[in-house]
Amino acid sequence: MLRSLLVDLPNLSLLARRHWHAVLVTQHHSGTHWLIHMLTELMSQAYDVPGQADIDDMRVIVRHKEKPIFPQVPAIAHSHKIPSWLTHAVPFRWGVTYPRYVVLVRDIRASLVSLYEKHREEYNVPFTELVQADPLRRRFRKDIWRDIRFFNAWARVKRLMPERILIVRYEDLKADTAGQLRRVWDHLELAAVTDEALAQAVENSSKQRMLAKQDAQRHGRVVRDDQRHPFEWFSEADREYFTRVCRRHLRDWFGYEFDCWET
C-alpha cells in the first residue's frame with residue numbers, strides 16, 4: 001500500500017532499541033494500559049521497583065524514545081510503532097542482536113469501536129466514515145488501514161525471527177489472563193515469579209483498580225465499560241467493506257475470523 005511506503009518505510013526508530021532486552025509493541029486500543037500495568041506489578045515484586053502510581057506512569061516499562069530509569073531492571077520499552085521492512089532486513093540481521101518482542105493485537109473491529117467511542121465528539125462523523133476511511137488520507141488517529149499495516153509488518157517480523165517474537169491476542173489475554181501473562185513473562189525471560197505473584201498482579205490490575213488510577217481530564221476514559229458487542233456498530237455495507245479489505249490486503253489474520261460476523 002502507498003501509505004506503507006510513504007509513512008512506514010523511513011521508520012527505523014526501533015533499530016535504536018536493538019540493544020534493549022525487550023520491546024512491548026501494542027496495537028492502538030488493544031489493552032495496552034492493562035498489559036503494562038500487570039507487567040509493572042510483577043516487575044515491582046521481582047525487581048523491587050515501584051508500581052504504577054497512575055496508568056501513565058512509565059518508569060519501569062518506558063516509552064520507546066526514553067531511557068531506562070532502574071538499572072536493576074532489564075530494559076523494556078513500549079511502542080505502537082509499525083517498523084519499516086528495513087528494520088529487520090538481512091544486512092541488519094547479520095550484525096544485530098534484536099530485543100525480544102511481545103506484540104499485543106486485538107480484533108480490528110473491536111479496536112475501531114473503542115477508538116470511535118473515545119473520540120466520537122472530536123470526530124463528529126458517523127461511525128461508517130471511520131470504517132470506510134480513505135486509504136490515502138490520514139483523517140483519523142488510526143483507521144482500518146493503520147491496523148492492516150500494523151498486522152502485516154509484525155507478521156513479517158514473525159516470519160523472519162519467530163524465536164524472538166510473541167504474538168498475544170487481547171481476547172486470549174481476557175479469557176485466560178494469568179495463563180497469558182505467564183506466557184508473556186516467560187517469553188521476556190525475566191526473573192522467576194510464583195503463580196501467586198501472577199495472580200496478585202492480575203487482581204491489582206482489575207478494571208475497578210485501574211479506573212481509580214486514570215485521569216479522565218487528560219485522555220478520556222482509558223478503561224471502558226460499554227458492554228455492547230462491537231459488531232453491532234457495523235452496518236451491512238460496513239461489514240462487506242471491512243471483510244473485502246481484509247481479504248485483499250491483510251496477509252496474516254492472527255487467528256481472527258474477519259469474514260465472520262456472528263456474535
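Buried residues account for 52% of the 263 residues in the protein chain. Keep in mind that this is a predicted model. Looking at contacts in the protein chain with a separation of 6 or more, 71% of them link residues 24 or more positions apart.

Now for the cysteines. The structure has zero disulfides.

| Residue | Relative accessibility | Class |
|---|---|---|
| Cys246 | 0% | buried |
| Cys260 | 23% | partly exposed |

Cys246 counts as buried because its relative accessibility is 0%, and buried means under 20%. Cys260 has 23% relative accessibility, so Cys260 counts as partly exposed.

Next, a pair of helices. Two packed helices are described by the angle between their axes and the distance between the axes. Here, helix α8 covers residues 177–188 and helix α9 covers residues 195–204. Their axes lie 10 Å apart, and the packing angle is about 115°. That angle makes α8 roughly perpendicular to α9. Where α8 passes α9, the crossing is right-handed.

Which residues make the contact? From α8 come Thr177, Ala178, Leu181 and Arg182, while α9 brings in Asp195, Leu198, Ala201 and Val202. Sorted by kind, the residues in this contact of α8 with α9 are five nonpolar, one polar and two charged.

How values were computed. Residues are numbered from 1 along each chain as its sequence is written. This is a predicted model: local features need pLDDT of at least 70, side-chain atom pairs count only at pLDDT 80 or more; totals for chains, interfaces and linings use all residues. Side-chain values use heavy atoms; hydrogens and water are left out. A disulfide is a pair of cysteine sulfur atoms within 2.5 Å. Buried means under 20% relative accessible area, exposed over 50%, partly exposed in between (1.4 Å probe, protein chains only). Axes are lines fitted to C-alpha atoms, for helices over the stretch in contact, and angles run from 0 to 180 degrees between N-to-C directions. Helices (H or I, at least four residues) and strands (E, at least two) are DSSP runs, numbered from the N terminus. Angles under 35 degrees count as roughly parallel, over 145 as roughly antiparallel, 65 to 115 as roughly perpendicular and the rest as oblique. A crossing is left-handed if the near helix is turned anticlockwise from the far one by less than a right angle, and right-handed if clockwise. Contact means heavy atoms within 4.5 Å. Ala, Val, Leu, Ile, Met, Phe, Trp, Tyr, Cys and Pro count as nonpolar, Asp, Glu, Lys and Arg as charged, and the others, Gly among them, as polar.
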